[in-house]
Amino acid sequence: MAILRSADQSACLYSYTGICLRKAPLQEYHDESMVSTVTSHFLCVVNSYKGGLTMLLLNSLMFTIGACCGSFITCMAERLSDMQSLYTKQRSVCPQCQHQLRFWQLIPLLGVLLQRGKCFDCQTAINLRSTWIELLCGGLVLFNWQLPLPLSLPLLLGYAVLIFNSLTDRLSFS
């Protein structure tokens, strides 16, 4: 953490990501050795903006990774419950018309939005179960990735196993 002094005699306490955590009068910071001089308040704002942008990109990346994992979990659970091979070179198909899905239709969350909830070829409604699972997994990764690795990794693996088992049970026994 670092503290930067601005021209208006206030200071920002910065975290390692560059986000201004706390802005307060300079008198509240007792350790002068940690205070660096900043020529203008504008630099404080720019540094805060860059850190916020970095966190936004990291959070977006983590959500996307979680959504991809959710898509994989859904695909494997559906194939397992339908007694299909888990290892196949063929991409997913529409359950109605059996048409092989194009690459843009397989993008988690965006594929359903681009198709407006209907199959591109036969126009039947797409089951939104996989979309909800992608959202759930993306949210779980987003909320857990900043925890320490020894804590977050078992949690995320446990969530993945529970979601996979719940989905296979739902598909197999309904």
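This note goes through the pockets, salt bridges, backbone angles and a surface patch of a predicted model.

1. The largest pocket. A reader new to this structure may start with the largest pocket, which holds about 1200 Å³ of space. Its lining is made up of 40 residues, and those nearest the centre are Glu 78, Ser 92, Val 93, Pro 95 and Leu 101. When the lining is sorted by class, 17 residues are nonpolar, 17 are polar and six are charged.

2. Which helices line the largest pocket. At least two lining residues come from each of helix H1 (41-81), H2 and helix H3 (129-144). Among the contributors, H1 gives the most, with eight residues.

3. The second largest pocket. The volume here is about 300 Å³, and the lining consists of 17 residues, with Gly 66, Cys 69, Val 141, Leu 156 and Leu 157 lying nearest the centre of this pocket. In class, the lining of the second largest pocket comprises 15 nonpolar and two polar residues, with no charged ones.

4. Which helices line the second largest pocket. H1, H3 and helix H4 (149-172) each provide at least two residues of this lining, and H4 supplies the largest share, namely eight residues.

5. Two salt bridges are found in a search of the whole structure. In one of them, Arg 129 pairs with Glu 78, and the closest N and O atoms are 3.4 Å apart. Because Arg 129 belongs to helix H3 and Glu 78 to helix H1, the pair ties together parts that are 51 residues apart in sequence. Arg 129 counts as partly exposed, at 27% relative accessibility, and Glu 78 likewise counts as partly exposed, at 28%. Glu 78 is also one of the residues nearest the centre of the largest pocket.

6. The salt bridge between loops. The side chains of Asp 121 and Arg 102 form a salt bridge, with an N to O distance of 3.1 Å. This pair links distant parts of the chain, 19 residues apart, since Asp 121 sits in the loop between H2 and H3 while Arg 102 sits in the loop between H1 and H2. Asp 121 is partly exposed, with a relative accessible area of 35%, and Arg 102 counts as partly exposed at 25% relative accessibility.

7. Leu 109 has its place in the loop between H1 and H2, and the residue is buried because its relative accessible area of 16% falls under the 20% cut-off. Gln 123, too, is a residue other than glycine with a positive phi, near 65 degrees. Gln 123 is found in the loop between H2 and H3 and counts as partly exposed, at 48% relative accessibility.

8. The nonpolar surface patch. Which residues form a nonpolar patch on the surface? They are Ile 107, Leu 110, Leu 113 and Leu 114, and together they have about 390 Å² of accessible area. Leu 113 belongs to helix H2 (residues 110-115), and this residue counts as exposed because its relative accessibility of 62% is over the 50% cut-off.

Terms used. Residues numbered from 1 in each chain as written. Predicted model: local features only at pLDDT ≥ 70, side-chain atom pairs only at ≥ 80, totals over all residues. Heavy atoms only, no water. Patch = residues over 30% accessible without salt bridge, like charges linked within 9 Å, V, L, I, M, F, W, Y side chains within 5 Å. Areas by Shrake-Rupley, 256 points an atom, 1.4 Å probe, with all protein chains shown as cover. Salt bridge = Lys/Arg side-chain N within 4 Å of Asp/Glu carboxyl O. Helix = DSSP H or I, 4+ residues; strand = E, 2+ residues; numbered from the N terminus. Buried < 20%, exposed > 50% of the residue type's maximum accessible area, 1.4 Å probe, protein only. 1 Å grid on protein atoms, 1.4 Å probe; cavity = no way out; pocket = protein on both sides within 12 Å on 5 of 7 lines; lining within 4 Å. Points joined across faces, edges and corners; volume = space filled by probe spheres on them. Nonpolar A, V, L, I, M, F, W, Y, C, P; charged D, E, K, R; others polar.
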